[in-house]
Amino acid sequence: MPKQKTHKGTAKRVRVTGSGKLVREHTNNQHKFEVKSSSRKRRVSGIGVLSPADAPRMKKLLGL
């Protein structure tokens, strides 16, 4: 039986915390910061926890 391969695009974007939750970077946080408001930049900084509805699908893509 062949092994399940990790989806490399997902692996680059999502990681697993020590407690098993999936976390990801917020979108719109790479460039063109001069056109974004300060409150928007603060909101998208850091990491966000993946929603419980999306977690099972992402775990399958990661091979967990």
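Guide: The sheet is open, with 3 strands in the order 1-2-3 and antiparallel pairing. Strand 1 and strand 3 are its edge strands, each pairing on one side only. From one strand to the next, the twist averages 35 degrees, where axes are lines fitted to C-alpha atoms and angles run from 0 to 180 degrees between N-to-C directions. This is a predicted model, in which local features need pLDDT of at least 70 and side-chain atom pairs count only at pLDDT 80 or more, while totals for chains, interfaces and linings use all residues. Residues are numbered from 1 along each chain as its sequence is written, and side-chain values use heavy atoms, with hydrogens and water left out.

Visitor: How many bridges pair strand 1 with strand 2?

Guide: Strands (E, at least two residues) and helices (H or I, at least four) are DSSP runs, numbered from the N terminus, and two strands pair if DSSP finds at least two bridges between them. Strand 1 (residues 14–16) and strand 2 (residues 22–25) pair over 3 bridges in the antiparallel sense; Arg15 has Val23 as its bridge partner in strand 2. The two strands form a hairpin with 5 residues between them, and Gly20 in the turn has a positive phi of about 100 degrees.

Visitor: Which residue of strand 3 stands opposite Glu25?

Guide: Opposite Glu25 stands Ile47. Strand 3 covers residues 47–49 and pairs with strand 2 in the antiparallel sense over 3 bridges.

Visitor: Which residues form the largest nonpolar core?

Guide: In soluble globular proteins, nonpolar side chains tend to be buried together. A nonpolar core is a set of buried (under 20% relative accessible area, 1.4 Å probe, protein chains only) Ala, Val, Leu, Ile, Met, Phe, Trp, Tyr and Cys residues joined through side-chain atoms within 4.5 Å. The largest one here has 6 residues: Val14, Leu22, Leu50, Ala55, Met58 and Leu62. Helix 3 (residues 55–62) supplies the largest share of this core, 3 residues.

Visitor: Which residue forms a salt bridge with Asp54?

Guide: A salt bridge is a side-chain nitrogen of Lys or Arg within 4 Å of a carboxyl oxygen of Asp or Glu. The partner is Arg57, with the closest N and O atoms 3.2 Å apart.

Definitions and conventions
Buried < 20%, exposed > 50% of the residue type's maximum accessible area, 1.4 Å probe, protein only.
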